[in-house]
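Thanks for coming, everyone. I would like to walk through one structure this morning, going from helix packing to the domains and then to the chain contact.

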Amino acid sequence: MNGEPLEQRELWQFVPVNEYAVPETGVDRVRKGLLSVLGSLAGGRARGKGSSPLDPEQSLLRLQDERLELALPKPDWKRAGESLHEWLRPWLESPAPDKPAVFFVAPPDSGREELLLRWASGRDVAVVEEPTDEQILGGDAGWLDSWPREGLWLLPRLERCFLRSTEGLDLVRELIRRLFSGKMGQAVVGCDSWAWSFLTHVGLGRPSFTVTAQAFDADRMRLLFARGIRGHGGTIPTFRQADNGAYLLRAVEDEDEAQPGEAMAYWRRLAECSRGNIGVAAAYWRRALRTVPERDFGEDGAETRRPGTDTIWVTSWDDLERSAVPAEAGETARFVLHALLLHGGLDSERLASVLPAHSSAIGQALGCLAEAQLVEARGGRWRVTPWGYPAVRTALCSDDYLSDSF
Amino acid sequence: MEPAEEILRVFREFGEINVVRIALIIAAATVLLVIDQRLLPRLARKLPGKLRFHVLALVPLIRLTIIVAAAVLVLLRLIKPSVQNMVALFGFLGVGLGFAVKDYVASIVAGTVALYETPYRPGDWIRVEGVYGEVKSLEFRAVHIVTPDDTLVIIPHKKLWDTVIHNANNGSSKLQCVADFYVTPDHDGARLRSRLRDVALTSPYVQLAHEPKVVSEATPWGTRYRIRAYPMDPDQQFAFITDLTERGNAAIARLGVCFASPAVAARGEPE
């Protein structure tokens, strides 16, 4: 720890895309898994000083919606936007002719859109709307002609500017061509990481001026959650792990500099399983939260009532249900998942136009995936859920589908 | 001494032979063979692309190892191991095999050589004398191929020894697919080539790690365009070619380019 006050520590780090680093690797997980197995063989699971004060027979309850929403982290997008602005400042103040645009690339659900829109808000930045599907398929250059020619503008979702079909790439190629012609002012272009991987293969080239938000490691993720969670009616939640009682989060002003090993083990697992993606981490966190009504326990196991606090129990990793792609999900289901990731979500009709499958087969696949909670319909578009994303990514990568590098 | 008596002297007395141990060796070898032939391919099909091919390639090698090991262990318990006895036994076998089952043995030897040289292995798509299909298993005597219309074709290894074998993927997931299009010469070639390349790039089956190529050549009755691209998995080759063909034809039609064929060329008018 560097001694800096916790509230002032900068959580958002911006780096070029090729410097993005996912927290921890599977090798570490294998090593820990082996150690865990050896520990079990040696004589059962050791119960350390953080043993759970909960009655093992007691059923924990899911949180009610209102309390659940308050227990979820809400990042400070304003502060994140300011950090991004600081990173962009040299480029904004001294535009380079060979760098007319910066591409902000990030994985799904990592907060890219919220961050970019918050950055643009309150600044002299024109936000460009994406084209319609008809404009994309028609290669309608009129959409480009209506853009601002000078000044700074933002296109938050490049993944909504193309369709993976024979005629669906013309418009985005024309956009990139005009962008690098230097005749369209200065641009910040946001792009989903899966779409970015696809577009670099089909004609985008490999633009060198890119930026992304660095993956959140265990320490920064814990602080992000701590700062982003607010209490209900003035009470500040305390989060404890259900199986060993470890304090995962307390009120920020009460937090110790050095976190106990058991607590940090949870945050490391969360950072690793979510690949440092705060949206995915929040989805796992949401599923893990439980409550025991009306009571709280102190560290010595005695029942206490701490004024102004509220304890929420967090299911351990071993007991938490993880997402998985169903065994019966065949080729069509995988095509559906891949298409949804490439395009940042699609409606059913558009899915049928970009896939070599009948709409009924696609509908069946969507039903199977929705039942497994891997996809959801939102705003008329199907998309991969944050909770399902790790399993979907693993399944597609193992089957050699084109994937991102995040 | 009669040759038959000489051969019988090679073997142990009946009382010296541990029948139970021999039965156990045969039983163990049988169990291992079943695991190798049935469970290992099933496991391999659950594995991701490249790993699947490596595991499938091990199946015949493991089978050969089990059979050879079991045969040696049984033989050592049946015969008195001395140089003189081994010479006599192999001499007898050589004469007998040379006349009675030479073709069978030739196939076995060819199969063993194939394991070493790997001109084909399970998971490969090969073409042999007009038969195209996936190698499902390498048996002792023959290779089992399943064609696209689900026909099992059994080809003795001996036959393949002096036959040209076309191996489409050679132990990997990289299998090039080709889709052909025939158009009349009066068109914008660069534009059509670019559009056909987009057809390949936007296929859900395409493996973008290997960039698709579009080539063209003149034929007596038109221009032939070929998309050469790789699907993610060899099993998808037919669906991939279908997808390329359907969307390629649609793209050509939308460009207003006319299709060509020998019959059309003979009539002297576009389709």
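**Helix packing, domains and chain contact**

Helix α3 (residues 77-93) of chain A and helix α4 (residues 112-120) of chain A pack at about 75 degrees, with their axes 8 Å apart; axes are lines fitted to C-alpha atoms, for helices over the stretch in contact, and angles run from 0 to 180 degrees between N-to-C directions. That makes α3(A) roughly perpendicular to α4(A), a term covering 65 to 115 degrees. Helices here are DSSP runs (H or I, at least four residues), numbered from the N terminus.

This is a predicted model, in which local features need pLDDT of at least 70 and side-chain atom pairs count only at 80 or more, while totals for chains, interfaces and linings use all residues. Residues are numbered from 1 along each chain as its sequence is written, and chains are lettered from A and ligands numbered from 1 in the order in which they are written.

The mean pLDDT (the predictor's confidence in each residue, from 0 to 100) of chain A is 84, and 82% of its residues reach 70 or more.

Chain A is divided into domain 1 (100-207) and domain 2 (331-398), with bounds from an automatic or database domain assignment. Their contact takes 13 residues from domain 1 of chain A and 11 from domain 2 of chain A, where contact requires C-beta atoms, placed from the backbone, within 7 Å.

Finally, 16 residues of chain A are in contact with 15 residues of chain B, and on the side of chain A the elements giving two or more residues are α8 (193-202) and α12 (331-343).

Definitions and conventions: Angles under 35 degrees count as roughly parallel, over 145 as roughly antiparallel, 65 to 115 as roughly perpendicular and the rest as oblique. Two residues are in contact if their C-beta atoms, placed from the backbone, lie within 7 Å.
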